[in-house]
Structures are given as C-alpha cells and as structure tokens.
Amino acid sequence: MIKCQDPKVVHQSTKEIAATWLALGLDPTNVTFYRQSDIPEIPQLCWYLMCVAPKGLMNRAHAYKDAVQKILILVKIMILEWLWVCSHIQF
C-alpha cells in the first residue's frame with residue numbers, strides 16, 4: 001500500500017526503487033519490472049485473499065500488527081482527549 005498520494009513523489013519513488021534493484025545487480029534480461037498498480041488482477045486477488053484469509057494468519061503478519069497497534073494508540077489518545085474535554089466542561 002502506498003501511504004503517499006502525491007503522484008510526483010510516487011513516480012520518483014518508483015524510479016528510485018528500480019534503480020536500487022539494478023544497482024544491487026538484478027539482471028533485467030532475467031526479470032520483469034512492473035508496478036502492481038498497472039496490473040488490475042493484483043488488487044483483485046488481494047481483495048479475494050483478504051476475504052478468505054483466516055484472522056490468525058493476519059495476526060502473524062508484521063504489517064497488520066503494526067497497523068492495529070497504530071489504531072489502538074490513536075483510540076487511546078482520542079479517549080484521553082475526550083475525558084480531558086469532559087472534565088473541563090461546566091454544566
């Protein structure tokens with residue numbers, strides 16, 4: 001998933017990633033470079049797999065655990081802010 005929505009930054013990042021792979025010795029005669037966003041079947045397959053993937057498998061994925069942790073931190077902050085606001089309201 002791309003966190004940045006700026007097309008110029010995404011385009012530059014794509015070029016930098018390809019250049020990094022080439023600099024590390026990836027042989028372009030033996031591999032094919034492609035962007036996942038250019039192939040519609042990739043998000044379709046991803047959607048299907050997300051519909052059928054057991055929750056236990058997702059719990060073991062580092063990216064999923066990180067996203068859940070970030071959401072929990074935001075929820076805790078929002079609750080603390082709400083409690084602070086409520087404590088300063090005079091009825």
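1. Just after α1, G25 takes a positive phi of about 105 degrees.

2. Please keep in mind that this is a predicted model. The chain has a mean pLDDT of 82, with 96% of its residues at 70 or more. Confidence is highest in α1, at a mean of 88, and lowest in helix α3 (residues 55-60), at 73.

3. Now for the chain as a whole. Its secondary structure comes to four helices and zero strands, and along the sequence the pattern reads α-α-α-α. The chain is more spread out than a compact globule, because its radius of gyration of 21 Å is well over the 12 Å that the globule rule gives for 91 residues. Along its principal axes, the C-alpha trace spans about 70 × 35 × 25 Å.

4. How much of the chain is buried? Buried residues make up 0% of the 91 residues. The chain exposes about 8,700 Å², and carbon and sulfur atoms supply 68% of that area.

5. Finally, have a look at W21, which sits in helix α1 (residues 7-23). W21 counts as partly exposed because its relative accessibility is 46%, and the partly exposed class lies between under 20% for buried and over 50% for exposed. Together with I17, L22, L24, L26, V31 and F33, W21 makes a nonpolar surface patch of about 660 Å².

Technical notes: Residues numbered from 1 in each chain as written. Predicted model: local features only at pLDDT ≥ 70, side-chain atom pairs only at ≥ 80, totals over all residues. Heavy atoms only, no water. Patch = residues over 30% accessible without salt bridge, like charges linked within 9 Å, V, L, I, M, F, W, Y side chains within 5 Å. Areas by Shrake-Rupley, 256 points an atom, 1.4 Å probe, with all protein chains shown as cover. Salt bridge = Lys/Arg side-chain N within 4 Å of Asp/Glu carboxyl O. Helix = DSSP H or I, 4+ residues; strand = E, 2+ residues; numbered from the N terminus. Buried < 20%, exposed > 50% of the residue type's maximum accessible area, 1.4 Å probe, protein only. pLDDT = per-residue confidence, 0-100. Rg over C-alpha atoms; globule rule 2.2 N^0.38 Å.
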